[in-house]
Each structure stands twice: as structure tokens, then as C-alpha cells.
Amino acid sequence: MNKFLQNLLFIFIILISACSHEEIKPPEKTSIKRIITLSPAITEIISALGEGENIIGNTKYCNYPPEQAKKAKIGGFYDVNLEKILMLSPDLVILPEENYKALKYLNEMGIETLTVKTVSIEDIFTSIYAVGYKLNQTEKAEKLVKDLKSKFTSLKAEKQNKKVLFIVDRDTKNSNSLSFFAAGNDNFFNTMIANSGAENIFGKSEKAYPMISSEAVITMNPDIIIEIVPKDFKENEKELRESWKKLNKVSAVQKDNIFFLDEGFESVPGPRFIKTFSKISAIIKNAK
């Protein structure tokens with residue numbers, strides 16, 4: 001290459017570099033204003049980060065904060081109305097990682113998604129960070145997690161040598177005998193019971209929520225029974241308590257250590273888990 005061409009090439013590179021320097025700007029953060037959530041826990045996380053007004057649709061189970069009950073409903077956990085999601089034209093859909101069907105469909109339709117896991121307490125913290133980062137609310141997410149961890153630590157209790165049976169639901173299909181779904185190993189209830197100083201009698205189960213029989217309850221003989229029930233359970237409280245009295249050989253029944261959680265949020269693995277932990281901790285501490 002002769003000297004003239006070399007000089008020409010050099011000038012060309014300089015000009016391109018100068019132009020490029022003027023054009024290049026840091027990427028702007030994406031503005032996400034239309035969000036759809038596919039679980040109450042996710043809805044509550046977003047609301048706790050101050051982004052609740054940007055939720056345009058959620059599930060039929062999303063009712064907190066109260067204004068979320070008025071949002072467009074797109075079904076339940078697994079009966080999601082995918083066509084309705086398309087009609088709402090979201091910027092982002094945040095959903096549980098186990099909702100494979102919805103995730104596959106949304107990805108095929110070119111809709112941006114974020115999956116989160118809210119099984120354990122650590123999962124809840126991780127999800128808050130992930131949602132906060134996605135919505136440009138990192139500082140709020142860090143503060144929220146810090147506050148939750150501080151409250152969690154303050155509620156921890158010393159070992160109390162009490163055995164707990166934690167019931168999340170009843171098997172209503174079998175009317176001839178009592179069957180339940182209990183809190184097993186891989187869930188946030190197990191962690192809360194352990195940190196309340198007690199032992200979850202099914203905490204070593206391979207399943208997160210094993211189905212158990214009344215015979216299994218008698219064999220395990222818990223000192224305390226805690227059961228999650230619907231908000232309107234007061235109408236059936238007497239009936240529920242009578243059903244437990246059938247297991248009169250169980251220590252918890254004999255001592256009347258049967259407690260019901262009926263405020264609705266106890267089963268939601270979101271920021272309000274700390275209120276559930278406070279209730280469980282108090283029950284275990286004050287049980288006879």
C-alpha cells in the first residue's frame with residue numbers, strides 16, 4: 001500500500017472514530033409500565049417495591065394490596081388465560097418458574113418474561129432482588145430484604161422441644177376418613193417452624209407437601225397442630241375442632257393445642273411471610 005492510501009485510510013479511521021464517539025451513549029434502562037403477574041407472591045413483591053400501579057393484570061387469587069383485587073384477572077395458577085394476556089399487551093410477565101406451559105407460550109409469542117422461585121425463605125429474598133433489578137428498584141429491594149432479614153432474626157427462638165404438625169389443606173375427596181396435606185421439607189413453613197425452636201414432624205419428608213392420614217398423625221403424636229383455613233372458617237370452626245377431637249390419643253388434641261391461621265396471607269410466600277412467622281412463633285412459644 002502506497003503512502004497516499006495509508007494516509008487516506010488513517011484519516012478515514014479518525015473520522016469514523018470521532019463520529020462513533022459522538023453517537024455512542026450508555027444504554028437507557030427499559031421503562032416497564034405494563035406488568036402481568038401470575039401469583040399472589042409476585043404481586044405482593046412488586047407492590048412492596050412501589051410498582052403496584054404498573055400491574056395491569058394478575059390472578060384471581062391476587063387480592064393484596066386491596067387495589068390488586070380490581071385488576072384484570074387472567075385465571076389461576078395453572079389455568080391461565082393466555083389469550084387474555086396477549087390482549088392486555090404487557091411489557092413484562094412475571095411468573096413462577098414451575099409454570100412451564102405459560103412460559104413456553106409467552107416466549108413463543110415474543111412477550112418478555114421473568115421467572116422467580118418462592119418456595120423457601122431464601123427464594124423469597126432472591127426473588128425480591130430479581131424483581132427489583134428488573135424494575136429498576138434495586139435500592140428498594142435491598143432495603144426490603146434487609147428489613148425482612150432483621151425482623152426474621154429478631155423472631156428466632158431457642159429450641160423448645162415441641163413437635164409441630166402444620167396442615168396447609170385437607171383432602172376433601174375422601175369423606176370417610178381424615179386426610180391432610182402437611183408442610184414437609186422443601187417449603188418456607190418448615191424453615192419458620194425450625195426457627196421458632198420447634199420440630200416439624202414431617203420436616204424430613206421427601207415431598208414439600210405430603211398427604212398424610214389420621215393414623216400417621218396418631219403415630220407422630222404432635223404437641224401442637226397448626227392448620228391454615230379459609231377466611232370464612234368461623235362458620236365451620238366448631239366442626240373443624242370436632243374433627244380433631246376424633247384423634248383424642250394425640251397430645252395436641254388432649255392439651256387443646258390446635259390453632260387455626262385464617263387471615264388468608266399465611267400461605268403466600270411473599271414479603272408478608274414475616275407476619276406468618278410472627279404468628280407461628282407466638283403459637284409455639286405460648287402453647288401448653
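Two strands count as paired when DSSP finds at least two bridges between them. Keep that rule in mind for this predicted model.

Start at strand 6, residues 163-170. Strand 6 and strand 7, residues 179-182, pair in the antiparallel sense over 3 bridges. Within this pairing, arginine 170 has phenylalanine 180 of strand 7 as its bridge partner. Strand 6 also pairs with strand 10, residues 224-228. Here the sense is parallel, and there are 4 bridges. Isoleucine 167 stands opposite glutamate 227 of strand 10. Strand 8, residues 199-200, is another partner: 2 bridges join it to strand 6, and the two run parallel. Lysine 163 faces glutamate 199 there, standing opposite it. Is strand 6 mostly covered, or mostly open? Strand 6 is mostly covered, with 6 of its 8 residues buried.

Now turn to a pair of helices. Helix 6 spans residues 138-155, and helix 11 spans residues 273-286. They pack at an angle of about 5°, and their axes are 10 Å apart. Angles under 35 degrees count as roughly parallel, so helix 6 and helix 11 are roughly parallel to each other. Which residues meet? Helix 6 brings Leu148, Lys151, Phe152 and Leu155. Helix 11 brings Phe273, Ile274, Phe277, Ser278 and Ser281. By class, this contact has 6 nonpolar, 2 polar and 1 charged residues.

Helix 2, residues 40-48, is mostly covered as well: 8 of its 9 residues are buried. Among them are Pro40, Ile42, Ile45 and Ile46. Glu44 of helix 2 is buried too. What covers these buried residues? The cover includes strands 1, 2, 4 and 5, along with helix 5 at 121-134. Glycine 50 follows helix 2, and its phi is positive, near 80°.

The loops hold some backbone details. Tyrosine 64 and proline 65 are joined by a cis peptide bond, with omega about -10°. Proline 65 lies in the loop between strand 2 and strand 3.

Asparagine 221 is not a glycine, although its phi is positive, about 50°. Asparagine 221 sits in the loop between helix 8 and strand 10. Its relative accessibility is 26%, so asparagine 221 counts as partly exposed.

Aspartate 256 also has a positive phi, near 60°, in a residue other than glycine. Look for aspartate 256 in the loop between helix 10, 251-254, and strand 11, 258-261. Its relative accessibility is 45%, so aspartate 256 counts as partly exposed.

Technical notes
Residues numbered from 1 in each chain as written. Predicted model: local features only at pLDDT ≥ 70, side-chain atom pairs only at ≥ 80, totals over all residues. Heavy atoms only, no water. Buried < 20%, exposed > 50% of the residue type's maximum accessible area, 1.4 Å probe, protein only. Axes fitted to C-alpha atoms, helices over the stretch in contact; angles between N-to-C directions. Parallel < 35°, antiparallel > 145°, perpendicular 65-115°, else oblique. Contact = heavy atoms within 4.5 Å. Nonpolar A, V, L, I, M, F, W, Y, C, P; charged D, E, K, R; others polar.
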